[in-house]
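Here is a short briefing for someone meeting this structure for the first time. Take a look at the model, then read on by topic.

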Amino acid sequence: SCRQENGISHFPSSVSKLHQTSEQSQDVQSSLTPGEPPVDFMHIKLEENEPIDFGTKDFILKKAREVCKCNHQTIITFFCQLFPVLDWLPRYNIKMQLLGDVISGLLVGIVAIPQSISYSLLANQDPIYGIYTNFFCSIIYVAMATSRHNFVGSFGVLCLMIGQSVNRHLQLAGYDDNTGSLLVGNATSSSNGTGTCDRSCYAITVALSLSFLVGLYQVQMFTTLGFVSVYLSEPLLSGFVAGSSLTIITSQMKYLLGLNIPRHEGVGSFILTWVDLFRYIQNTNICDLVTSLVALAIIIPVKMINDRYKDKMKAPFPIELLVVIIATVVSYYLNFEERYKSSVCGAIPTGFRKPTLPDTKLFSSLAVDALPIAIIGFAMTVSLAEIFGKKHGYAVHANQEMIAIGMCNLVPSFFYCFASSAALTKTLLKESTGTQTQLSSLVTSLVLLLVLLWIAPLFYSLQTAILGVVTIVNLRGGLRTFGETPRMWQLSKLDTVVWWTTMLASTLITTEIGLLVGVCFALLCVIFRTQRPRAAVLGKVSNTEIYEDQSAYRQLSSIANIKIFRFESSLYYANKDYFKTALYQKTGVNPVLLAARHHRAETQAKADTGNRKSVFNTAFGCLKPSKKRVEKSPTGIRLPSLDMHTLIIDCGAMQFIDTTGLSVLKETRHDYQELGVQVLLANCNPLLRRRLRDGGWAAGAHGGQLAFHSVHQAVQFAQQCGDGLAAVCGRRR
């Protein structure tokens, strides 16, 4: 009989003799469907490469030799990879790059001043710590980053998550919730004069300990946890940012209204905060409300103009800093704090504090909080770096970015900084204002240094309502994604569902749980796609070797007595039942059901009479007038003939099969062979071929078929075996 092993077709010697005679060759040609070209089956033999098998000992020795190989050039290469600034700084072109870096650094620094202060409010910290964070992180990222455009500093979503963790620990420690005002006055001292750490001191202790753990996680991701960020898809991240933006806006509303309401944490905090806002709305501070509305009415239109004409403007107008300066001056001279009880920033100290160590006693309670912050921070940093790297045509190394952002959280934690990542607003501003290298971040650090040394106390009278407005208007990017959902729905309904699920979970539950829900739901969607994939019966494009889905394209011709089935997913335990269901439905032949019907018919015939021959003729006498042929299956059961003698399964979309999938393929071949239908596989990748061979797919009484390298090759083989070589193959036509 005809058979194929390892992609090689084997025919008996009689087949070769048949090929040599013109008369039998004409029989082969006459068996083809009308319009088909003559069959010319090619014998393809591919010899597989032997897989390289490194033992554990050999692998460890090989890596040890690579690591321990130490010479002058290796040391230089190591430090240049760890600190990319050593590579690009000697090649810095002052004439071509310096002007763009200086202008961009100044503009980003101007924007970073109000954002640093406002994001400190969001992180439940004093304003000075936000300036510390942006200052130290910028310097470290300059030395270790491969991205030329990222700006690392305080990021709204991370500040929200930090603030939630800090507030939870403050409540556990028994500190009063000073609602409606920043932690001011002597709060930035290490103690309150009695030898004990006050509320502000404990808040920054929690934040810097959290930052240390975040940095530790991110550095470890280089070797252990980097795979986690792979599961943060673009719709998931976009939905998470949108949900976090709504939560941030909700948390800032009390500052815009001047209300003293508690900061809710945990499940349902979004709804509880809005309930409290409406409950205490009669206590609104009119001065804060009017100030907020005026600031919004000025900032939003100007930022819209900046966005609309950004291609024509050399630099965006720094409206936020201008509003902050004017609001501070007005609040100071009109004495809003005393006359209208308006909440203000208060005293902001100058200079730097002595380095400190994280509180190791807090590590156990902060370990869970640090993980989602580390993942989101890394994902945002690498995503922005790759976007601008592709746009400007330079390489970004994700592993080095992972180390860089980890060190930006690890080292600054000793200098009273909280966790940071690439800041979306400032990164976009940096890129749009013509930055060339990370030298612009050094210029930004110099601007922040001026604030730290001399300018910070001038913001004493700045209203917290203005800081809330600055925070809210910088969330426009996250809120714009709501308008993109209709377009996303047209492109992918499943991605849109992932977006809405993540957004709602991040908003209505908590940001951490929302991220977890989004990741789990996205993974379930992937499983669902593979559990019920698309399946199709293929037809041939005329005068080509191309086979496509008959339900998707017109003018495709079917191959006589051959069914070609394509399953567009890997075959494993979760979709094995759907594979059989789709196969039986698409081919129109259920071998299990047909065999069961005939088995019941034979059993009934034997029970009715002892004379099997007469009863059988009576039972199937209705078949005689139609002159239908009756065949014997390999088991001896007499079955009516089918409209197919070969089933070809296109495995081109199968990346892998597990043991359950292999068993299903074997069962399928066995069931169809009971009906006299041979089963061939096509387009199997090398991994599938190896699994089929090791699993005994080619074993059997007649050798069996393994797999063909293309659907067309399998069709040619089936036509020769099924039509032209019927006598040799032993098939009853």
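**A charged pair to begin with**

Asp307 has a relative accessibility of 33%, so this residue counts as partly exposed. Its partner in a salt bridge is Arg480, with the closest N and O atoms 3.0 Å apart. The model is predicted. The protein has 733 residues, and 49% of them count as buried. Its elements are 29 helices and twelve strands.

**Salt bridges**

- The count of salt bridges comes to 13.
- The bridge between Arg480 and Asp307 links distant parts of the chain. Arg480 sits in helix α20 and Asp307 in helix α12, 173 residues apart.
- Arg480 counts as partly exposed, because its relative accessibility is 44%.
- Asp577 pairs with Lys576, and their closest N and O atoms are 3.2 Å apart. Asp577 is exposed at 52% relative accessibility. Lys576 is partly exposed at 26%.
- Shared partners join Asp307, Arg476 and Arg480 into one salt-bridge network.
- Arg566 and Glu548 also meet in a salt bridge, at 3.7 Å from N to O. Arg566 belongs to strand β8 and Glu548 to strand β6 (residues 547-549), so the pair ties together parts 18 residues apart in sequence.
- Arg566 is buried at 17% relative accessibility. Glu548 is partly exposed at 26%.

- Asp650 is found in strand β11, which covers residues 646-650.
- Asp650 is buried but has no salt bridge. The nearest side chain of opposite charge is that of Arg566, 4.2 Å away.
- A polar atom of the Asp650 side chain lies 3.0 Å from the backbone nitrogen of Gly652.
- Beyond its neighbours up to four places away in sequence, Asp650 touches Leu538, Phe565, Arg566, Phe567, Ala682, Asn683 and Val711.

**Nonpolar cores**

- In soluble globular proteins, nonpolar side chains tend to be buried together.
- The largest nonpolar core here holds 93 residues. Tyr132, Ile162, Leu232, Ile373 and Leu462 touch the most other members.
- Helix α9 (residues 199-225) gives the most to this core, with twelve residues.
- A second, separate core has 28 residues, including Leu583, Met644, Val677 and Leu692.
- Ile373 has contacts beyond four places in sequence with Leu158, Met161, Ile162, Leu210, Val214, Gln218 and Ala419.

**Two helices in detail**

- Helix α12 spans residues 286-308, 23 residues in total. From first C-alpha to last it reaches 33 Å, close to the 33 Å expected at 1.5 Å a residue.
- At the start of α12, a side-chain oxygen of Asn285 comes within 3.0 Å of the backbone nitrogen of Cys287.
- The buried residues of α12 include Cys287, Asp288, Leu296 and Lys303. Among the elements covering the buried residues of α12 are α10 (234-257), α13 (319-334) and α20 (476-491).
- Helix α16 (residues 398-410) has 13 residues and reaches 18 Å, close to the 18 Å expected at 1.5 Å a residue.
- Ten of the 13 residues of α16 are buried, so this helix is largely enclosed by the rest of the structure. Gln400, Glu401 and Asn409 are among its buried residues.

**Contacts across the sequence**

- Take the contacts between residues at least 6 apart in sequence: 79% of them join residues at least 24 apart.
- His169 lies in helix α8 (residues 156-173). His169 counts as buried, because its relative accessibility is 5%.
- His169 and Leu366 are 197 residues apart in sequence, yet 9.1 Å apart in space from C-alpha to C-alpha.
- Leaving aside neighbours within four places in sequence, the contacts of His169 are Tyr202, Val206, Leu362, Ser365, Leu366 and Asp369.

**Positive phi angles**

- Most residues other than glycine have a negative phi.
- Tyr416 is not a glycine, but has a positive phi of about 65°. Tyr416 is placed in the loop between α16 and β4 (421-422). At 10% relative accessibility, Tyr416 counts as buried.
- Asn561, also not a glycine, has a positive phi of about 65°. Asn561 sits in the loop between β7 (556-557) and β8 (562-567).

Conventions
Residues numbered from 1 in each chain as written. Predicted model: local features only at pLDDT ≥ 70, side-chain atom pairs only at ≥ 80, totals over all residues. Heavy atoms only, no water. Helix = DSSP H or I, 4+ residues; strand = E, 2+ residues; numbered from the N terminus. Buried < 20%, exposed > 50% of the residue type's maximum accessible area, 1.4 Å probe, protein only. Lys, Arg positive; Asp, Glu negative; His and termini not counted. Salt bridge = Lys/Arg side-chain N within 4 Å of Asp/Glu carboxyl O. Polar contact = N/O pair within 3.5 Å; in protein donor to acceptor, adjacent residues only side chain to side chain. Contact = heavy atoms within 4.5 Å. Core = buried A, V, L, I, M, F, W, Y, C linked by side-chain atoms within 4.5 Å. Expected span 1.5 Å × (residues − 1).
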